[in-house]
Amino acid sequence: MITFTLNGKPTKVEAEPEMPLLWVIRDLLNMTGTKYGCGLGVCGACTVHMDGQPIRACATPVSVIAGKSVTTIEGLSKDASHPVQQAWAEHNVPQCGYCQSGQMMSAAALLASNNDPSDSDIDNYMQGNLCRCGTYPRIKAAIKTAAKFVEVK
Amino acid sequence: MFIEQLQHHDSVMHNISRRGFLKTLGIAGSGLVLGVTLPSFSPAYAAESGNGEMNLFVSIDESGEVNIICHRSEMGQGIRTSLPQVLADELQADWERVNVVQGLANASYGSQNTDGSRSVRHFYQTMREMGASARTMLEQAAAEKWGVPVEEVKAIDHKVVHQSGKSLGFGELAAAASKLTPPDVASLVFKNKQDFKYIGKGLTIVDMHDIQTGKTQFGQDVHMEGMLYASIVRAPVVGANVLSFDKDAALKTPGVADVVAMPERSFPVGFNSLPGVAVLASNTWSAQQAAKKLSIEWTQHENQSHDSGAFLATLQERVKSKGKVQRSVGDAYAELDKAENTVQASYSVPYLAHATMEPPAATAVFKDGQMEIWACTQTPQSTQNTVAQVLGLEPSQVKVNVTLLGGGFGRKSKPDFSVEAAILAKHSGKPVKVVWSRENDIQHGYYHAISAQHYQAGLNDKGQVSSWIQRSAFPSIGWTFSGNTNEPQSWELSLGFGDVPFQLPHLSCESHEATAHARIGWIRSVCNIQHAFALGSFVDEVAVAADKSTPQMWLELIGEDANIDPGQQGFEFSNYGETLERFPLDTKRLKHCLNEVIAKSGADKPTAANEAWGVSVHRSFVSYVAVAAKVKVDNNKVTVLEMHSAIDAGTVVNPDRVKSQQEGSMIFGLSIALLGEISFKEGKVQQSNYHDYQVLRMNQCPEIYTHIIDSDAVPGGVGEPGTPPVAAAVANAIYHASGKRIRDLPVKNHMQV
Ligand code: FES
Ligand code: FES
């Protein structure tokens, strides 16, 4: 039995320790906002936050998160109010939407650590998140918009 | 597929308010409901059959909520927004009160195949008719209630207003309108362009909130009580079957419920499931872990000798000699002999995979003789029909629910993954979700065919082209469905080859045989990929030889303003299933795009050292796109700095979605140009995931600018036409920046990207 906090709620789950967090969230807890894209840590679709840091849930054994706090897209804000979510709508970023949970989770983590990112900061930070639909130009623009509204910690 | 054609005129409106099928869609049944029958299909929409059959429709209930059916699949192109927004505009509805309901698989919709860039092209008019019909009925209902002539009332903003100022909401009129006979389509009055409120506006996509909050349901996200998750190991060589496997090791893995051999298969492969072994487990992870323990032995098949490198070399040799003539005028060979100067070059594009971010996934339940499927499919009807056929059911016993698609690009037009889910659901008696891993997706695709092209041109002493010969060879998609097609089909050559838009006195377009050794499928813009790359590159090479600018060479080759009919030169031109009367091959529009992209990008202006522009232009899916790309080359490293496109797609419904489709399709084209390559050794795909089948990442993505050409012409395709011209534009830019000519894609095999 592994105990952790998921989107602010104490959560217990029965899983083999090496099962990746991704499948625990998706299949055992039935929360499907976090997506599978590669299972190798190379596409970013499964990005979630662990104690505020972005991690790839597909490459994180569930044992690692014992006692930690995990945030998924479903918990990023109440009702899409995070500056990143707002900016995503303002720029009409998504196409198919599949990669976007991971994109927003990475972008939120970027802005939490750097609230005035340059183009190359964004490129460096976001290059681990693939989008096959090609929404990169809008993601970049939306991150810049969101940056104006992120509180400095 | 692409060739099928749908007539989209003479639709007939039906008031179906009192029919019983609405509950199948979860829509309250009172109020006005309007359906349409498309003339090429049975007008018996058979509401009473209890089958849940329905046509495209709109309903307005007594609270004023408007439900609009979207019968096409959403895969990022924004169709769940664009089609309803057309209807809502004609209806004079308030967009805030419009719900979009996803249509089930149903033949009475006509084709639901969401590919070929044609959803708006085919249904723009129908949506307008339906909106205008409902509006007219609401106006008539109001006039009757008030006892005034209908000329005195007008629908506006979700209500009908009388000239005296009194008004009734759509909801208050819905019941009365439901008792009226729909107007004759020919009598409908449509809104003027300047009165459009939603058409031509960049409305936010209807799924935005769900995407923002992670609530979307894709094929991979379907969940059901008691569901089993399936992971399948499929034959690595197309044609091989399972010889033996170790069931016990897999069964011992915790969470595993069953291990099932998938049915054996032979050719044609079609849309059928592949042979292999499936593991059913209580979660995806357990199924995938157990699948690694199967130790499967496969039967031998001659395809295991397929080596894509050696195969390409054969094709490249073959296209150097004369092939089967597909289109010809004059005597290109005699003219070539007389030419002052000749240019020739060969080009190639490797196999490509779709690599949609969401790998294919389907869930099926078989209960009481009924199969129900939830899948991220572009083709619900072929899913329904193929599943029925493979499992020996009637199509009416198969219900297909379309989830959102995490990208499609043609992969999800093939229902093989739904067939797998159906087979396993029937076998196990439980709901089964077949989850394709990324490795499955990369190694068991329907690949874009490997190809070789050869071009030759003769120039006179003024540097004018006097003779033009072009040849193409690639395995045909036809093989996938016949098992024996061994040469390009005319509908494939209609994609940017036989329709080369040149008015030359001496021209020969030829094709060569090529055998298939893998499942060949269509991928975003299909054969336009290789044809536009070769053509756009060769025009640039000829321009260099003639010491002219590339745009100048294009304009000379294209010639006068004219509508070209390649059929007059013997070519069987399919024109994307459209007539040339409705969608001509119009050289004026082509040239205009080219001029426009140069004017807007400044591609004719000088650049810094090591930097240069490249341009290309291409008509596909009856739209016209020109691309200008600027690159920098430093120490053999290529950086693409900016890409511009000018698109003429006729009337544009949602400019923001057209713009986003241009961005997406150009980035897709850039992935192909720089990175895309699937290779085969011993009949097996060598790549397995995004680390070795790379797609463009943000740090490689240039600035992208889209220039939409204002047009009142009939809507053309959007979604694919942005892809074809990119590779040539980029390769040409690389040449002009560095002197290095890339003739064999991808660029990464020659330079750092
Ligand atoms: S699914 Fe985790 S990085 Fe791709
Ligand atoms: S929006 Fe489709 S993969 Fe990013």
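**Cavities and a domain interface**

Guide: In this predicted model, there are 10 cavities of 30 Å³ or more.

Visitor: What makes a space in this structure a cavity and not a pocket?

Guide: A cavity is a set of points where a 1.4 Å probe fits but cannot get out, whereas a pocket is an open set. The second largest cavity holds about 90 Å³ of space, and its lining consists of 13 residues, with Gly239(B), Arg265(B), Val269(B), Leu274(B) and Pro275(B) nearest its centre.

Visitor: How is the lining of the second largest cavity divided by class?

Guide: That lining has 8 nonpolar, 4 polar and 1 charged residues.

Visitor: Which segments make up domain 2 and domain 3 of chain B?

Guide: The domain assignment gives 219–301 + 360–435 for domain 2 of chain B and 319–353 + 446–749 for domain 3 of chain B. Their centres, taken over C-alpha atoms, are 37 Å apart, while 16 residues of domain 2 of chain B are in contact with 17 residues of domain 3 of chain B. About 1400 Å² is buried between these two domains, with 67% of that area given by carbon and sulfur atoms.

Visitor: Why is the pair Arg519(B) and Asp416(B) called a salt bridge?

Guide: Their side chains meet at 3.1 Å, N to O, and because the rule asks for a side-chain nitrogen of Lys or Arg within 4 Å of a carboxyl oxygen of Asp or Glu, the pair qualifies. Across the interface of domain 2 and domain 3 of chain B, the rule finds 1 salt bridge, and 7 residue pairs are in polar contact there. On the side of domain 2 of chain B that touches domain 3 of chain B, the residues divide into 9 nonpolar, 4 polar and 3 charged.

Definitions and conventions:
Residues are numbered from 1 along each chain as its sequence is written. Chains are lettered from A and ligands numbered from 1 in the order in which they are written. This is a predicted model: local features need pLDDT of at least 70, side-chain atom pairs count only at pLDDT 80 or more; totals for chains, interfaces and linings use all residues. Side-chain values use heavy atoms; hydrogens and water are left out. On a 1 Å grid over the protein atoms alone, a cavity is a set of points where a 1.4 Å probe fits but cannot get out, and a pocket is an open set with protein on both sides within 12 Å along at least five of seven lines; lining residues have an atom within 4 Å of a point. Grid points are joined across faces, edges and corners, and a volume is the space filled by probe spheres set on the points. Ala, Val, Leu, Ile, Met, Phe, Trp, Tyr, Cys and Pro count as nonpolar, Asp, Glu, Lys and Arg as charged, and the others, Gly among them, as polar. Domain bounds come from an automatic or database domain assignment. Contact means heavy atoms within 4.5 Å. Buried area is the accessible area (1.4 Å probe) that two parts lose on being put together, summed over both. A polar contact is a pair of N or O atoms within 3.5 Å; within protein, one must be able to donate a hydrogen and the other to accept it, and residues adjacent in sequence count only if both atoms are side-chain atoms.
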